Amino acid sequence: MSGWKPLTCKEVKAILTNLRFRYRNTEGSHEQWVPIDPQAPFRKVTVDCPKAPFSQDLIGFMHRQAGVSKKAFYAALK
C-alpha cells in the first residue's frame, strides 16, 4: 500500500490554487484549470469532481498535467 491518501475535489482545487492555477470555465462536467501567469508554459489540468475521492491513477494524471511531481502536488496542499 502506498503512503499517499486519496484526495477530495476540494483538496485538489486547493492544491491547484496554491500551484497558481485558476479555474477556466468550459462546457461539460469536467473542470479545466490553467496557469494564472500568462508567461508560464500552457498547461491544462482536468478535474472530474464526480470521481472524487480521487484514485492514485487520477491523481497521477493531474500532477503530470500540472507539471509537478506527486510529492510537490501533495505538498501544495499545506
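Guide: Accessible areas come from the Shrake-Rupley method with a 1.4 Å probe, where for residues only the protein chains shown count as cover. By this method the protein chain exposes about 5,100 Å², of which carbon and sulfur atoms supply 56%. The model is predicted, so local features need pLDDT of at least 70 and side-chain atom pairs 80 or more, while totals for chains, interfaces and linings use all residues. Numbering runs from 1 along each chain as its sequence is written, and side-chain values use heavy atoms, without hydrogens or water.

The protein chain holds 3 helices and 3 strands (DSSP runs numbered from the N terminus: H or I of at least four residues, E of at least two), arranged along the sequence as α-β-β-β-α-α.

W4 and Y74 make a tilted pair, at 4.7 Å centre to centre with 40 degrees between the planes. Because W4 sits in the segment before helix 1 (9-18) and Y74 in helix 3 (residues 70-75), this pair ties together parts 70 residues apart in sequence. W4 is partly exposed at 32% relative accessibility, whereas Y74 is buried at 11% (buried is under 20%, exposed over 50%, partly exposed in between).

The rings of Y23 and W33 are edge-to-face, because their centres lie 6.1 Å apart and their planes meet at 65 degrees. This pair links Y23 in strand 1 (residues 21-24) with W33 in strand 2 (residues 31-35), 10 residues apart. Here Y23 is partly exposed at 38%, while W33 is buried, with a relative accessible area of 7%.

Conventions
Rings of Phe, Tyr and Trp (its six-membered ring) pair if their centres lie within 6.5 Å; planes under 30 degrees apart count as stacked, over 60 as edge-to-face and the rest as tilted. Buried means under 20% relative accessible area, exposed over 50%, partly exposed in between (1.4 Å probe, protein chains only).
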